[in-house]
Structures are given as C-alpha cells and as structure tokens.
Amino acid sequence: MQFLTSLLIAATAVQSHYTFPRLVVNGKSEEADWSATRKTKNADSKTGVLSATSADIRCYSSQNAAKIQEVPAGATIHYVSTQQVNHPGPTQYYLAKVPQGKTAANWDGSGNVWFKIHTTMPTMDSNKQVTWPAQNEYVTDNATIPAATPAGEYLLRVEHIALHQAMQPNGAQFYLSCSQIKITGGGSGTPGPLVALPGAYKTNDPGIQVNLGAIQPNAYIPPGPAVWSG
C-alpha cells in the first residue's frame with residue numbers, strides 16, 4: 001500500500017508540471033512539438049528549473065530545433081502547454097537578437113542580449129487567493145511582439161515562474177522554452193534594457209522568493225528588467 005501511495009504521489013507531481021513545446025503565432029501553431037522550439041531537458045520529466053542562477057535558466061534546452069519560425073512584428077503569440085499551467089506565478093517573454101555570423105539555429109543566447117517584452121501581474125480571486133492570467137489554462141498568456149522590434153533572427157524565450165513553494169530559497173520553479181524565430185516587417189526601435197541569462201535574476205529577488213499568502217497582488221514585483229514595448 002505504501003508503495004502504491006508513493007507511485008500515486010509521484011504521478012500527481014508529474015501531472016502538475018508542464019513544458020511548452022509549441023509556439024503559436026497569430027493563432028497558427030508551429031507544425032509539430034519541438035520543431036522550431038528547442039526541446040527542453042524536462043521534456044519527459046516535466047520538472048522545472050529550481051535555481052534562478054543556473055545555466056539552465058536561459059533555455060533549459062537539450063538540443064537545438066530543426067526549423068526557424070517566421071513571426072511578423074506586431075504578432076500575437078503564446079505557447080501550448082502539455083498540462084494545465086496550474087501553479088500561481090507570472091508568465092514572462094524575452095527576445096534576444098542573433099548576432100551577425102550566427103543563426104537562430106545555432107546561437108546559444110549568451111551575453112547581455114535579452115530584453116523583456118511581456119509580463120503578467122496577479123489579482124485576487126473570489127477565494128482570496130493570488131492568481132495570474134491564464135492560470136489553469138493549457139496555454140500561456142498572450143503576448144505581442146512589439147511592432148518596433150528590428151527585423152532579423154531571434155531567440156524567443158517564455159517562462160512561467162511557479163511560486164506555490166517560493167517562501168524558501170530555490171523554492172520557485174521555472175518552466176521555460178526557447179524558440180528559434182525570424183521577425184519580419186520589423187521597425188527601428190532600440191530594445192532594452194539588455195540583460196544576461198543567467199545573471200538577470202537572484203535567488204532572493206522579491207519576485208522569486210515570496211510568500212504569496214502575505215502580499216497584496218499590486219505589491220508583487222516581477223523579476224528581471226522592465227518590459228520593452230517599443
């Protein structure tokens with residue numbers, strides 16, 4: 001009986017975790033899981049990244065993808081999740097422009113190159129629980145590629161930070177993916193601030209180590225740089 005109980009607990013834990021294997025652009029999904037989105041190390045286990053300062057916080061990828069997805073500037077994007085995104089916490093999107101001489105298919109995203117284009121803020125639900133947009137959905141919250149984003153190849157990064165156990169150091173769980181994209185019809189903006197991943201987050205950032213039962217929604221501070229909207 002104890003063995004069966006352990007198996008049930010393990011199965012439940014896996015079901016409550018998720019990956020983001022497929023990018024959706026203006027309502028159209030990439031053709032298959034992990035085709036333009038880099039396959040993550042947790043593709044089977046579904047476990048999140050626990051250290052905000054580890055190398056895995058960048059893309060958590062086990063291999064690069066075979067394709068590069070075209071994304072028009074100004075497009076609406078989201079990701080399909082393998083399970084309900086049922087933990088409370090923000091969804092954030094970052095872009096990093098591929099440097100000259102590299103392609104989105106082989107660049108590792110290192111350096112102070114990432115800028116944030118979207119984050120989500122919480123509200124209080126009818127049960128007096130802090131909740132976020134798209135919580136309990138099978139997709140991430142929609143974001144918009146800023147129309148002023150210069151055209152070219154980029155890495156697009158999505159993360160959901162699960163904060164249900166974030167009262168203690170390394171209690172937050174990061175679920176993330178990176179997609180290889182080519183932005184078309186771009187503008188002449190200057191994205192920023194630019195940060196490195198790892199480097200942009202600290203374990204004790206107030207948006208990472210936080211007791212959700214002790215804050216009001218408008219007091220939550222998402223980790224990372226300010227959002228660039230063009």
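Start your tour by selecting strand 4 and strand 9, which run antiparallel and are joined by two bridges. Strands here are DSSP runs of E with at least two residues, numbered from the N terminus, and two strands pair if DSSP finds at least two bridges between them. Before you go on, note that this is a predicted model, in which local features need pLDDT of at least 70 and side-chain atom pairs count only at pLDDT 80 or more, while totals for chains, interfaces and linings use all residues. Residues are numbered from 1 along each chain as its sequence is written, and side-chain values use heavy atoms, with hydrogens and water left out.

Click on Thr 76: its bridge partner in strand 9 is Thr 144.

**Aromatic rings**

Next, show the rings. The whole structure holds seven aromatic pairs, where rings of Phe, Tyr and Trp (its six-membered ring) pair if their centres lie within 6.5 Å; planes under 30 degrees apart count as stacked, over 60 as edge-to-face and the rest as tilted. One of them is the stacked pair of Phe 174 and Tyr 201, at 6.1 Å centre to centre with 25° between the planes. Phe 174 lies in strand 11 and Tyr 201 in the segment after strand 11, so this pair ties together parts that are 27 residues apart in sequence.

Are these two residues buried or exposed? Phe 174 is buried, with a relative accessible area of 0%, and Tyr 201 is buried too, at 2%. Buried means under 20% relative accessible area, exposed over 50%, and partly exposed in between (1.4 Å probe, protein chains only). Then select Tyr 18, Phe 20 and Tyr 175, which form one aromatic cluster.

**Backbone stops**

Most residues other than glycine have a negative phi, and most peptide bonds are trans. With that in mind, go to Ala 134, where phi is positive, near 70°. Ala 134 sits in the loop between strand 8 (130-131) and strand 9 (143-144) and is partly exposed at 22% relative accessibility. Asn 170 also has a positive phi, of about 60°; find Asn 170 in the loop between strand 10 (152-162) and strand 11, partly exposed at 40%.

Finish in the segment after strand 11 (173-184), where Pro 193 is found. The peptide bond from Gly 192 to Pro 193 is cis, with omega near -5°. Pro 198 is in the segment after strand 11 as well, and a cis peptide bond with omega about 0° joins Leu 197 to Pro 198.

Key:
Helix = DSSP H or I, 4+ residues; strand = E, 2+ residues; numbered from the N terminus.
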